[in-house]
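Here are some notes to read alongside the structure, written as numbered points. Please keep the sequence and the 3D view open while going through them.

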Amino acid sequence: MEKTLLKVNNVVDINEFPEAKKISLWAVVTANDKEGLIIDGLNPGDRVEIDSGNGIASFKDTNMKPLKSIITIAQAATEAGAAVLTEGESLALHDQFQMSFDAIKDAIPDNIKHARRDAWGQDPGTGDYAKHEGGLIVCMPSAHGAIYATEENYLASGAKQNGRQPKYFSNNINRLNSFFPCMCRGGIREAICKEDGAINILAFDSKFTDNAGYYEFNVDITRK
């Protein structure tokens, strides 16, 4: 099957690699991109895991030109461990991704100082976790699209001190089988798909025009 994913975009379709058992992706979500990233082609039983998580974003009174998020394949392997991508394909994707990432970093303003949040939703200054905006949200196929920061999706009060643990997720987030990845004690960074479709990964917010910054992370998908 001819591969057509040898590019960097905000959308990937993992069905382009039907023989792959595990697929690892590089990803950068920009804070003012309300669409975020889309990974299509998932099936019930597939595991989605968020790894690493670097970068800081501001969610108030900051201006940055609109920037699209980026994602691409890092590695894909069969169940036996054989690489699906050739060394040349992997290197080409890495180079394209790095060029796009460098362009994002060059566009980030210096004044990332208002309502700062890391990828896990934590304010690096106070140590508190935001309940209403910031950090990553992973919208599983059950959500049928992006989830935004509205009242029905806010985290409960205990999340501010204790981190974005599942017990603080709203009923609607749980109903949609979606999650806020968090490195805090009791936090989660993975979920199992309950239906087929696409996942959306974006910064958790409802107003994106005054945001700036980015989150860099890896996504690992293990096929059932």
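1. A salt bridge, as the term is used here, is a side-chain nitrogen of Lys or Arg within 4 Å of a carboxyl oxygen of Asp or Glu. With that rule in hand, look at Glu 133 and Arg 117, which form a salt bridge whose closest N and O atoms are 2.6 Å apart. Glu 133 lies in the loop between strand S7 (116-118) and S8, while Arg 117 lies in strand S7 itself, so the pair ties together parts that are 16 residues apart in sequence. Glu 133 counts as buried, at 18% relative accessibility.

2. Before going further, please bear in mind that this is a predicted model. The chain averages a pLDDT of 93, and 97% of the residues score at least 70. Over residues 1-5, however, the pLDDT is below 50, although this stretch has 18 contacts in the model beyond near neighbours in sequence. Where pLDDT is low, the predicted coordinates should not be read in detail.

3. Which other residue forms a salt bridge with Arg 117? The partner is Asp 123, and here the closest N and O atoms are 3.6 Å apart. Because buried means under 20% relative accessible area, Arg 117 counts as buried at 12%, and Asp 123 counts as buried at 16%.

4. By the rule given in the opening point, the count comes to eight salt bridges. One of them joins the side chains of Arg 223 and Asp 46, with an N to O distance of 2.7 Å. Arg 223 lies in the segment after S11 and Asp 46 in the loop between S3 and S4, so this pair ties together parts that are 177 residues apart in sequence. Both Arg 223 and Asp 46 are buried. As a general point, side chains of opposite charge can pair when their charged atoms come close.

5. The next topic is a sheet. Four strands form an open sheet in the order S1-S3-S10-S8, and the pairing is mixed. Its edge strands are S1 and strand S8 (136-139), each of which pairs on one side only. On average, neighbouring strands of this sheet are turned by 15 degrees against each other, with direction ignored. In general, strands of a sheet pair through backbone hydrogen bonds, either parallel or antiparallel.

6. Strand S1 (residues 11-13) and strand S3 (residues 37-42) pair in the parallel sense over three bridges, and within S3 the bridge partner of Val 11 is Ile 38. S3 also pairs with strand S10 (residues 197-203), this time in the antiparallel sense and over four bridges, with Leu 42 standing opposite Gly 197 of S10. S8 and S10 likewise pair in the antiparallel sense over four bridges, and there Ile 137 stands opposite Leu 202 of S10.

7. In soluble globular proteins, nonpolar side chains tend to be buried together.

8. Gln 165 sits in the loop between helix H2 (159-162) and helix H3 (171-175). With a relative accessible area of 13%, Gln 165 is buried. Which residues does Gln 165 touch, not counting residues up to four places away in sequence? They are Cys 184, Arg 185, Gly 186 and Gly 187.

Terms used. Residues are numbered from 1 along each chain as its sequence is written. This is a predicted model: local features need pLDDT of at least 70, side-chain atom pairs count only at pLDDT 80 or more; totals for chains, interfaces and linings use all residues. Side-chain values use heavy atoms; hydrogens and water are left out. pLDDT is the predictor's confidence in each residue, from 0 to 100. Contact means heavy atoms within 4.5 Å. Two strands pair if DSSP finds at least two bridges between them. Helices (H or I, at least four residues) and strands (E, at least two) are DSSP runs, numbered from the N terminus. Axes are lines fitted to C-alpha atoms, for helices over the stretch in contact, and angles run from 0 to 180 degrees between N-to-C directions. Buried means under 20% relative accessible area, exposed over 50%, partly exposed in between (1.4 Å probe, protein chains only).
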